[in-house]
Amino acid sequence: MALKIKKASKEEKKLRCIITGQPGAGKTYGALMLAKGLTYKVDKPKILVFDTECKRSSLKVGAPGLEDFDWDVIDADPKELGRKVTYLDYIEAIKLAEEEEYNVLIIDSATPEWEDILERHSKLSGNSYTNWGKVKALHNEFVNKFLYSDLHIILTVRSKVGHEYDQVTRQVTKVGLEAQQESNITYFADFLFNIQNREHECTAEKDETHIYDQLASFKLSTTVGENIVDWLNNEYDPEKDRKKKFVYHIIRLQDELMAKDQTVAGYTEEDLFNKSIDELTLIGKDLKSKLD
């Protein structure tokens, strides 16, 4: 195929996102909320989850914010497969998502793929350094499929606490969190979100939009997904984003008040989006005072 020159456009770009965090940090839930936001303009969105985490994504059905959202799943359960998950299963999952024309594929998580590569390396005899080249070629098949697929892909990656041994003091100290995947894979992501704790507070280690990398912390939400897809389509509006945050905050306050059997005005999202920022501020303060 001959090389071609064309005008650059973000609109042709599909999302490549990696979410890292320790077990229980909220990677699966965050990925689903992102997927919901990414497809907010799609009439009948198709979301597929390649689940290697003991059917964890299925536990999120009906979770707050996902009540009216559904997705399909490939349960890559070793008990059902009769074997461990391999790098080839990941490649096959991406192919299936492409063939069935899904809008978003969530790979939850990508850690077993790297564990498969490490295990293959450990079983090879001979020169360890040379053997790395052999197994790295297999891993690169997955990476290339991830990079060049024509759909949005979100990878979750487990993190663990890293340790460092001090030769002088002979003590082992904690040195932060380490993603359990090949380190270079993060270079290929457009967005790298690191969930810090079980309160789901997140930082953007890499953010092509530069909307979130200036924030000390935030939570993955549908709004984050909406902003990313708007940015890709050259439709991101900071004022619209500001209004979204007000609106969703008010909706949450209403839900909390109703859960406590308190009477509220019952504004719909459409009602709220038609109001000014000043009006939303007053409504939010009023609801917050009732909740307090």
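Let's start out on the surface with His-210, which counts as exposed because its relative accessible area is 51% and the cut-off for exposed is over 50%. You'll find His-210 in the loop between strand 8 and helix 6. Its backbone is worth a look too: phi of His-210 is near 60 degrees, a positive value in a residue other than glycine. Most residues other than glycine have a negative phi. Keep in mind as you look that this is a predicted model.

Lys-55 sits in the loop between strand 2 and strand 3. With a relative accessibility of 32%, Lys-55 counts as partly exposed.

Most peptide bonds are trans. Asp-108 and Ser-109, however, are joined by a cis peptide bond, with omega about 5 degrees. Ser-109 belongs to the loop between strand 4 and helix 4.

Now for the whole chain. Its secondary structure comes to nine helices and eight strands, and the C-alpha trace spans about 70 × 60 × 40 Å along its principal axes. Of the 292 residues, 41% are buried. Among contacts between residues at least 6 apart in sequence, 64% join residues at least 24 apart.

Time to go inside. In soluble globular proteins, nonpolar side chains tend to be buried together. Here the largest nonpolar core has 32 residues, and Ile-19, Ile-106, Ile-154 and Phe-193 have the most contacts inside it. Several elements each supply at least two residues of this core, among them strand 1, strand 4 and strand 7. Helix 1 gives the most, with six residues.

Which residues lie nearest the centre of the largest pocket? They are Met-33, Gly-65, Ser-221, Thr-222 and Arg-252, out of 36 lining residues. The pocket's volume is about 1,100 Å³. Helix 7 provides the largest share of the lining, seven residues, while helix 1 and helix 6 each supply at least two. By type, the lining divides into 16 nonpolar, nine polar and 11 charged residues.

Technical notes. Residues are numbered from 1 along each chain as its sequence is written. This is a predicted model: local features need pLDDT of at least 70, side-chain atom pairs count only at pLDDT 80 or more; totals for chains, interfaces and linings use all residues. Side-chain values use heavy atoms; hydrogens and water are left out. A nonpolar core is a set of buried Ala, Val, Leu, Ile, Met, Phe, Trp, Tyr and Cys residues joined through side-chain atoms within 4.5 Å. Buried means under 20% relative accessible area, exposed over 50%, partly exposed in between (1.4 Å probe, protein chains only). Helices (H or I, at least four residues) and strands (E, at least two) are DSSP runs, numbered from the N terminus. On a 1 Å grid over the protein atoms alone, a cavity is a set of points where a 1.4 Å probe fits but cannot get out, and a pocket is an open set with protein on both sides within 12 Å along at least five of seven lines; lining residues have an atom within 4 Å of a point. Grid points are joined across faces, edges and corners, and a volume is the space filled by probe spheres set on the points. Ala, Val, Leu, Ile, Met, Phe, Trp, Tyr, Cys and Pro count as nonpolar, Asp, Glu, Lys and Arg as charged, and the others, Gly among them, as polar. Contact means heavy atoms within 4.5 Å.
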